[in-house]
Amino acid sequence: MKHLIAICALSVALALPAHAEEDTGKSLMEQGAELFFEGLRKEMEPALEDLQGLVSQFGPAMQSFFEEMGPALAELAGEIEDWSAYEAPEILPNGDIIIRKKPEDQPEEPEQIEEEADGATEI
């Protein structure tokens, strides 16, 4: 999902109209970068069109899902204080979904420090 957001942000930035500049004021690095991003934009155009089609197809369904489940998910998120204390959800054969709490670690007993006969402490 993070990759998708990064690609969308890059494509939006590249799709904005570039200001007309004369080639005389640009260095070779600037010209190379412009050519690179232009090629990247042309290569990404079909994928972005497919993504736009998916968004238009699944957008209404996702919006409906969030409208119905949003309040319940917000309530659940408010009750759980530490998400790292739980294991990944598991789907049982009957379709039930369970989320187990991770076993709590047993507190370790402090190491015994041995004292030598002359009263010095060895660590």
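# Briefing: salt bridges, aromatic pairs and a nonpolar patch

Phe 66 is partly exposed, with a relative accessible area of 48%; here buried means under 20% relative accessible area, exposed over 50% and partly exposed in between, with a 1.4 Å probe and protein chains only. This is a predicted model, in which local features need pLDDT of at least 70 and side-chain atom pairs count only at pLDDT 80 or more, while totals for chains, interfaces and linings use all residues. Residues are numbered from 1 along each chain as its sequence is written, and side-chain values use heavy atoms, with hydrogens and water left out.

**Overall make-up**

- The protein has 2 helices and 2 strands, where helices (H or I, at least four residues) and strands (E, at least two) are DSSP runs numbered from the N terminus.
- Along the sequence, these elements follow the pattern α-α-β-β.
- Helix H1 covers residues 2-15, and helix H2 covers residues 28-79.
- Strand E1 consists of residues 90-91, and strand E2 of residues 97-98.
- The protein has 123 residues, of which 3% count as buried.
- Its accessible surface comes to about 11,600 Å², with 59% of that belonging to carbon and sulfur atoms; areas come from the Shrake-Rupley method with a 1.4 Å probe, and for residues only the protein chains shown count as cover.
- Among contacts between residues at least 6 apart in sequence, 23% join residues at least 24 apart, a contact being heavy atoms within 4.5 Å.

**Salt bridges**

- The structure holds 4 salt bridges, each defined as a side-chain nitrogen of Lys or Arg within 4 Å of a carboxyl oxygen of Asp or Glu.
- Lys 26 lies in the loop between helices H1 and H2, and its side chain meets that of Glu 34 in a salt bridge with an N to O distance of 3.0 Å.
- The side chains of Lys 26 and Glu 34 also make a polar contact at 3.0 Å (a pair of N or O atoms within 3.5 Å; within protein, one must be able to donate a hydrogen and the other to accept it, and residues adjacent in sequence count only if both atoms are side-chain atoms).
- Of these two partners, Lys 26 is buried at 14% relative accessible area, whereas Glu 34 is partly exposed at 41%.
- Glu 38 and Lys 42 form a salt bridge through their side chains at 4.0 Å, N to O.
- Both Glu 38 and Lys 42 belong to helix H2, and because they are 4 residues apart there, about one helical turn separates them.
- Glu 38 counts as partly exposed, at 33% relative accessibility, and Lys 42 counts as exposed, at 52%.
- Glu 90 and Arg 100 are joined by a side-chain salt bridge of 2.6 Å, N to O.
- That pair links distant parts of the chain, 10 residues apart: Glu 90 sits in strand E1, and Arg 100 in the segment after strand E2.
- Glu 90 is partly exposed at 34% relative accessibility, and Arg 100 is partly exposed at 42%.
- Shared partners join Glu 38, Arg 41 and Lys 42 into one salt-bridge network.

**Aromatic pairs**

- A pair of aromatic rings is described by the distance of the centres and the angle of the planes.
- A search of the whole structure finds 2 aromatic pairs; rings of Phe, Tyr and Trp (its six-membered ring) pair if their centres lie within 6.5 Å, and planes under 30 degrees apart count as stacked, over 60 as edge-to-face and the rest as tilted.
- Phe 36 and Phe 37 form an edge-to-face pair, with 5.3 Å from centre to centre and 65° between the planes.
- Phe 36 is exposed at 53% relative accessibility, while Phe 37 is partly exposed at 34%.
- Phe 65 and Phe 66 also form an edge-to-face pair, with 5.4 Å from centre to centre and 65° between the planes.
- Phe 65 is partly exposed, with a relative accessible area of 39%.

**Nonpolar surface patch**

- Leu 54, Phe 58, Met 62, Phe 65, Phe 66, Met 69, Leu 73, Leu 76 and Trp 83 make a nonpolar surface patch of about 870 Å².
- Patches are made of residues with over 30% relative accessible area and no salt bridge; like charges are joined within 9 Å, and nonpolar side chains (Val, Leu, Ile, Met, Phe, Trp, Tyr) within 5 Å.
- Phe 58, one of the patch residues, is found in helix H2 and is partly exposed at 46% relative accessibility.
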